[in-house]
Amino acid sequence: EVRLVESGGGMVQPGGSLRLSCVASGFDFSRYDMTWVRQVPGKGPEWVSSINTIGIADYYADSVKGRFTISRSNALNTLYLQMDKLKPEDTALYYCARGHGPAVALNRSLWGQGIQVTVSS
């Protein structure tokens, strides 16, 4: 069974930082590109970032470029998202997902269970 379990979310003030983690199991993590997706209740999902299998090529939505950093540890089967200079508009449920690119945001079967990030003063 494929499992993606996110952690590290919470509430932070604007300008603050959080680091999300996602532990993968049930598949060969090192063979898959991985992605972060986010969604605000009542709105459509938004692709945030993707990383290739060996972690040397990363891609970002314009809304987070320069503030978020995606990375991975294939030894630990773990995907990360370092989020700096957080803004209130970053508030959302964040999902770890298997696959690459914006198309992943359209296929919920590829996502984990999600973790809440709230940016508020």
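One word to learn before you click: two residues are in contact when they have heavy atoms within 4.5 Å of each other. Also, this is a predicted model, where local features need pLDDT of at least 70, side-chain atom pairs count only at pLDDT 80 or more, and totals for chains, interfaces and linings use all residues. Residues are numbered from 1 along each chain as its sequence is written, and side-chain values use heavy atoms, with hydrogens and water left out.

**Stop one: the whole chain.** Turn on the cartoon view. You'll find zero helices and 10 strands (helices being DSSP runs of H or I with at least four residues, strands runs of E with at least two, numbered from the N terminus). The C-alpha trace spans about 40 × 30 × 25 Å along its principal axes. Of the 121 residues, 45% count as buried, meaning under 20% relative accessible area with a 1.4 Å probe, protein chains only (exposed is over 50%, partly exposed in between).

**Stop two: the core.** Select Trp36, Leu79, Leu81, Met83 and Tyr94: they have the most contacts inside the largest nonpolar core, which has 34 residues. A nonpolar core is a set of buried Ala, Val, Leu, Ile, Met, Phe, Trp, Tyr and Cys residues joined through side-chain atoms within 4.5 Å. Among the elements that give two or more residues to this core are S3 (18-25), S4 (34-39) and S8 (78-83). S9 gives the most, with five residues.

Which residues is Met83 in contact with, leaving aside neighbours within four places in sequence? Show Gly16, Ser17, Leu18, Leu20, Arg67, Phe68, Tyr94 and Val117.

**Stop three: Gln39.** Hop over to strand S4, where Gln39 sits. Is Gln39 buried or exposed? Gln39 counts as buried, because its relative accessibility is 12%.

**Last stop: a hairpin.** Select S7 and S8, which run antiparallel and are joined by six bridges; strands pair if DSSP finds at least two bridges between them. Ser73 stands opposite Thr78 in S8. Four residues lie between the strands of this hairpin, and Asn77 takes a positive phi near 55°.
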